[in-house]
Each structure stands twice: as C-alpha cells, then as structure tokens.
Amino acid sequence: QVQLVESGGGSVRPGGSLTLSCVASRNIFSISTMGWYRQAPGKQRDLVATMNSGGSTNYADSVKGRFTISRDNAKNTMYLQMNSLKPEDTAVYYCNADVRTTLYSRSNYWGQGTQVIVSS
C-alpha cells in the first residue's frame, strides 16, 4: 500500500513562513501529478498547488506569489514553501499523489494531513 506522509506543519505568526514536506513510499513504480490541498474547519477541501512529473505547476489564486511547490522525483518527495502567511491560510494541509504501483496499475492517494495555524 502506498503511503504519503506529510510533515512541517505548525503555528506561525502572520507574515511568517513554513515549509511542508510529503514523502511517498511503498510499492511505487512512478508518480505523475502530486499536489497540496487544504481544508479549513467547516469548509471543503480545496486545491492549493499541483505539479506534474514534467514540472508544470498550478496554483490557487489565493496563494500565487506566496507559495511555491517543488518536487524531488528521485526521493519521491514534494515540498510546499509557504511565505507571507495569512490567518486565512490556517487549515489542515493534505498531500495527494497519482501513483503507479506497476506499469498497469494507477491510483490516487492522500496523506493524513498536517495542521498549519497562522495567528498572532
């Protein structure tokens, strides 16, 4: 079973920075798109940023210019550098990945989430 493990969440003051990491492991043949999503209390889970295996990125308008997604394909690891954080960025952040465990088997996986709190 593929496992996605996030880390790097925490509490930070407005204007501060955090870097999230997501490591994918177990039975990985290849990974296509990886992404970050977030869910605030009482709200739906929304896209933050995605990156495909070729390096093309997509960002939510609310984080453009402040967040940067990156990947280390050799390590099956994805990062989210978050700068100029705002209270409205407070949420649980989830890692998502489209993973092939064999050439012919592909599924979508979620991590367990990491909490980010932005508050003064």
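Me: How do the residues lining the largest pocket divide into nonpolar, polar and charged?
Reply: The lining has three nonpolar, four polar and seven charged residues. Ala, Val, Leu, Ile, Met, Phe, Trp, Tyr, Cys and Pro count as nonpolar, Asp, Glu, Lys and Arg as charged, and the others, Gly among them, as polar. Mind that this is a predicted model, where local features need pLDDT of at least 70 and side-chain atom pairs pLDDT 80 or more, while totals for chains, interfaces and linings use all residues. Numbering runs from 1 along each chain as its sequence is written, and side-chain values use heavy atoms, without hydrogens and water.

Me: Which residues lie nearest the pocket's centre?
Reply: Arg38, Ala40, Lys43, Asp46 and Glu88, out of 14 lining residues. On a 1 Å grid over the protein atoms alone, a pocket is an open set of points where a 1.4 Å probe fits, with protein on both sides within 12 Å along at least five of seven lines, and lining residues have an atom within 4 Å of a point.

Me: What does Arg38 pair with in a salt bridge?
Reply: Asp89, with the closest N and O atoms 2.9 Å apart. That pair links distant parts of the chain, 51 residues apart: Arg38 is in strand E4, and Asp89 is in the loop between strands E8 (77-82) and E9 (91-102). A salt bridge here is a Lys or Arg side-chain nitrogen within 4 Å of an Asp or Glu carboxyl oxygen.

Me: How many salt bridges in the structure?
Reply: Four.

Me: New topic: how many helices and strands?
Reply: Zero helices and 11 strands, counting DSSP runs of at least four residues for helices (H or I) and at least two for strands (E).
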